[in-house]
Amino acid sequence: MAGGLLLSGAVAALLATALPAAQHPSSGFTDPPPDKIVIKVATVNGSGCPQGTTAVAVSEDNTAFTVTYSDYLAQAGGDSNPTAFRKNCQLNLVVHVPQGFTYAVASADYRGFASLQQGANGTQRASYYFQGSSQTAFRTHPLSGPYNDNWQATDTTDWAQLVWAPCGVQRNFNINTELRVTAGSTSPGKVSFMTMDSTDGDISTVYHLAWKECPAS
């Protein structure tokens, strides 16, 4: 899935580095730009997203993009592989937006299924950052067994705390996700697992976007 995936519509990203004062976008919310936006998936790496198991799509109204996984599962206990308790995926996105606009990720919705035995625990974790940034925004959502149901977690950022893509500068946006499961001491002989996957597209990660116009140069 590395390289070459082109998407149109709108997209993209962030919850990371602060911008220099001169590059802050002008105040005031603007509607999503109507022009085509192109996203290239530069790289997809990680045990939770083997090649060919991850897809990215952009909403028609330029307000969100989705990431769908088909083989993202962490498990522990029973005869599970000792390395299967943690799975991760890093998406490196190249986002081209219309001139004069910038964007931020206002919220992200994560979904999946978990089957956790008594005493077992599961964790979904995500981080977001620009290429070259030393600052990273982390969000963590825990689950405790017994649990056997769909799960959903939402990362939300207040409008005043949004971090915007630098105007006039191309920087790749990185999304790191992780699933982690521990069997616990109560039912170590039974398998517990947590997924963030979908084969039919009904379960996917949705990133909701906010847009602003850049200040006139």
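A74 stands opposite M194 in strand β12. This is a predicted model, in which local features need pLDDT of at least 70 and side-chain atom pairs count only at pLDDT 80 or more, while totals for chains, interfaces and linings use all residues. Residues are numbered from 1 along each chain as its sequence is written, and side-chain values use heavy atoms, with hydrogens and water left out.

**Exercise 1.** Find how many helices and strands the chain has.

*Solution.* Helices (H or I, at least four residues) and strands (E, at least two) are DSSP runs, numbered from the N terminus. The chain has zero helices and 13 strands.

**Exercise 2.** Describe strand β5 and how β5 pairs with β12.

*Solution.* Step one is the pairing, which requires that DSSP finds at least two bridges between two strands. Strand β5 (residues 73-76) and strand β12 (residues 192-195) run antiparallel and are joined by four bridges. Step two is the side chains, where buried means under 20% relative accessible area, exposed over 50%, and partly exposed in between (1.4 Å probe, protein chains only).

**Exercise 3.** Decide whether N174 is buried or exposed, and list its side-chain polar contacts.

*Solution.* N174 lies in strand β11 (residues 173-182). Its relative accessibility is 3%, so N174 counts as buried. A polar contact is a pair of N or O atoms within 3.5 Å; within protein, one must be able to donate a hydrogen and the other to accept it, and residues adjacent in sequence count only if both atoms are side-chain atoms. The side chain of N174 makes such contacts with the side chain of Q90 at 3.3 Å and with that of N92 at 2.8 Å.

**Exercise 4.** Name the residues of the largest nonpolar core that touch the most other members.

*Solution.* A nonpolar core is a set of buried Ala, Val, Leu, Ile, Met, Phe, Trp, Tyr and Cys residues joined through side-chain atoms within 4.5 Å. The largest one has 40 residues, and F65, Y110, W151, I175 and Y207 touch the most other members. Strand β7 (residues 101-116) gives the largest share, seven residues. Contact means heavy atoms within 4.5 Å. Not counting residues up to four places away in sequence, I175 touches several residues, including F65, Y110 and Y207.
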